[in-house]
Amino acid sequence: MIEYPKHELSILEIRSAVMDASSQELISQEESRNILMKYPSRFYSPNIYIRFGLGLLTLLSISSISSLFGLLLDFKNAEFILLLTALGCLAMLEYFIQSKHHYRSGIDDTLLHTAIACLLIFTGIESESNGKPNNILLSLAGIILYTIASMRYLDRLALIGALASLAFLCFSLWENSAPNMALLPCWTITLVLSAIAIFAHRFKDRPVANYHRHLLILLENLAALGAYASLHILTIDAVLAEKTATTVTTATNTTTISLTTVATLFYWSWTFLIPVLMLSYSLRQRQSLSIRLWLLAILSALYAQHHFYPVFEPELAAVFYGLLLLLAGWWVIRYLKKDTSVYSFRQGGDEGDLLGQNPFLVVAGFAGTGTPTNTSSSPDTRFGGGDFGGAGAGADF
């Protein structure tokens, strides 16, 4: 099923582990160099800038070839042009992977997603009825195409596309439902994504899923977060919008029970409780991606609270909730440092992956928990001579 040679993927994992260990100073540079020489990779995987440039060049080439097909056919059969472009992209994708050994080079990514986009547009045109495409068939095609792409080409973006297509299918199934059933798509998405998250969690550590483990980890986190988000703001908004129709008055008019209040308390309880529980579970499992996502979920819950029940002015709320988020990040770092044998905080290790690109490190630095830097000067560092050759800074500065 996987298009890439499995032994090459195994070598790529070994090289990645060696480079991570070297960046964390767990092995020496010489040891790292010797291991990498023993396990050379045939894959062509350039850096992000070359990858982006190759992707743009590939997209330009595809557009030129599609335009040529259109000129030959006088632009009278758009469906055939789309189908021909998609098949050509898939053929070129197989060629670049099998013959040129491209792996996330920008060319293979662009060819893959262009082919899927053309096939989806082709499906939408073919299923069109009364000037409107069949959303159910279109979403089913998206689920099938993106799922096959993620499994065969190990593409993370295709996995996200499959989840988005699944959400679109759930809304399409209840598209013509009555107004009092407007929340059924949200509940459907929640149940389906919860089942997917459970499946990915139980399946990711099995030997048969070795090469798809990183996809299953991403699927587990995105499905769990999507199940939570599907009933986040939309459900609360629907509950609050029905205030006038949800009060029950007793016959004596002495007691009024507000169903809106009960429902609102229920929804607000899981809105704040689920991210806290999931963050606690992620901390116990030492899962950096889950920690980051559920910290953001807590922020989204705070935003929902400010949207429906504002307590502060928007500027003051941004400062207050930002400080709370920084405090949560600082506490996460302190908690994870309790067991350094499980969770590494060496330079280039889990700390960089978990919180390095977030403002959480601001609090960590002020609290003295950041990675210390060596600011001591060399004995030969001086002005007017030594290694500097005068009053300027030399190469050793």
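This note comments on a helix packing, the salt bridges and a few individual residues in a predicted model.

1. Packing of H9 against H12. Two packed helices are described by the angle between their axes and the distance between the axes. For helix H9 (residues 213–229) and helix H12 (residues 288–308), the axes come within 10 Å and cross at roughly 15°. Because angles under 35 degrees count as roughly parallel, H9 is roughly parallel to H12. The crossing in which H9 passes H12 is right-handed.

2. Residues at that contact. On the H9 side the contact is made by Leu-218, Asn-221, Ala-224, Leu-225 and Tyr-228, which meet Leu-289, Ser-290, Leu-293, Trp-294, Ala-297, Ser-300 and Ala-301 of H12.

3. The salt-bridge network around Arg-152. Side chains of opposite charge can pair when their charged atoms come close. Four salt bridges are found in a search of the whole structure, and Glu-3, Glu-94 and Arg-152 are linked in a network of such bridges. In the pair of Glu-3 with Arg-152, the closest N and O atoms are 2.3 Å apart. This pair links distant parts of the chain, since Glu-3 sits in the segment before helix H1 (6–23) and Arg-152 in helix H6 (residues 135–153), 149 residues apart. Glu-94 also meets Arg-152 in a salt bridge, with an N to O distance of 3.6 Å. Glu-94 lies in helix H4 (residues 78–98) and Arg-152 in helix H6, so this second pair ties together parts that are 58 residues apart in sequence.

4. How do its members divide between buried and partly exposed? Glu-3 counts as buried because its relative accessibility is 8%, under the 20% limit for that class. Arg-152, at 24% relative accessibility, counts as partly exposed, and Glu-94, at 23%, counts as partly exposed as well.

5. The pair of Lys-204 and Glu-220. These residues form a salt bridge in which the closest N and O atoms are 2.8 Å apart. Lys-204 lies in the loop between helix H8 (184–203) and H9, while Glu-220 lies in helix H9, so the pair ties together parts that are 16 residues apart in sequence. Lys-204 is buried, at 6% relative accessibility, and Glu-220 is buried too, with a relative accessible area of 9%.

6. Surroundings of Tyr-321. This residue lies in helix H13 (residues 314–336) and is buried, its relative accessible area being 10%. Leaving aside neighbours within four places in sequence, Tyr-321 is in contact with Leu-302, Gln-305 and His-306. The C-alpha atoms of Tyr-321 and Tyr-303 are separated by 8.7 Å, the two residues being 18 residues apart along the chain.

7. Most residues other than glycine have a negative phi. His-101, although not a glycine, has a positive phi of about 55°, and is found in the loop between H4 and helix H5 (107–126). Leu-154, which is not a glycine either, has a positive phi of about 55°, and is found in the loop between H6 and helix H7 (156–173). Leu-154 is buried, with a relative accessible area of 1%.

Definitions and conventions
Residues are numbered from 1 along each chain as its sequence is written. This is a predicted model: local features need pLDDT of at least 70, side-chain atom pairs count only at pLDDT 80 or more; totals for chains, interfaces and linings use all residues. Side-chain values use heavy atoms; hydrogens and water are left out. Axes are lines fitted to C-alpha atoms, for helices over the stretch in contact, and angles run from 0 to 180 degrees between N-to-C directions. Helices (H or I, at least four residues) and strands (E, at least two) are DSSP runs, numbered from the N terminus. Angles under 35 degrees count as roughly parallel, over 145 as roughly antiparallel, 65 to 115 as roughly perpendicular and the rest as oblique. A crossing is left-handed if the near helix is turned anticlockwise from the far one by less than a right angle, and right-handed if clockwise. Contact means heavy atoms within 4.5 Å. A salt bridge is a side-chain nitrogen of Lys or Arg within 4 Å of a carboxyl oxygen of Asp or Glu. Buried means under 20% relative accessible area, exposed over 50%, partly exposed in between (1.4 Å probe, protein chains only).
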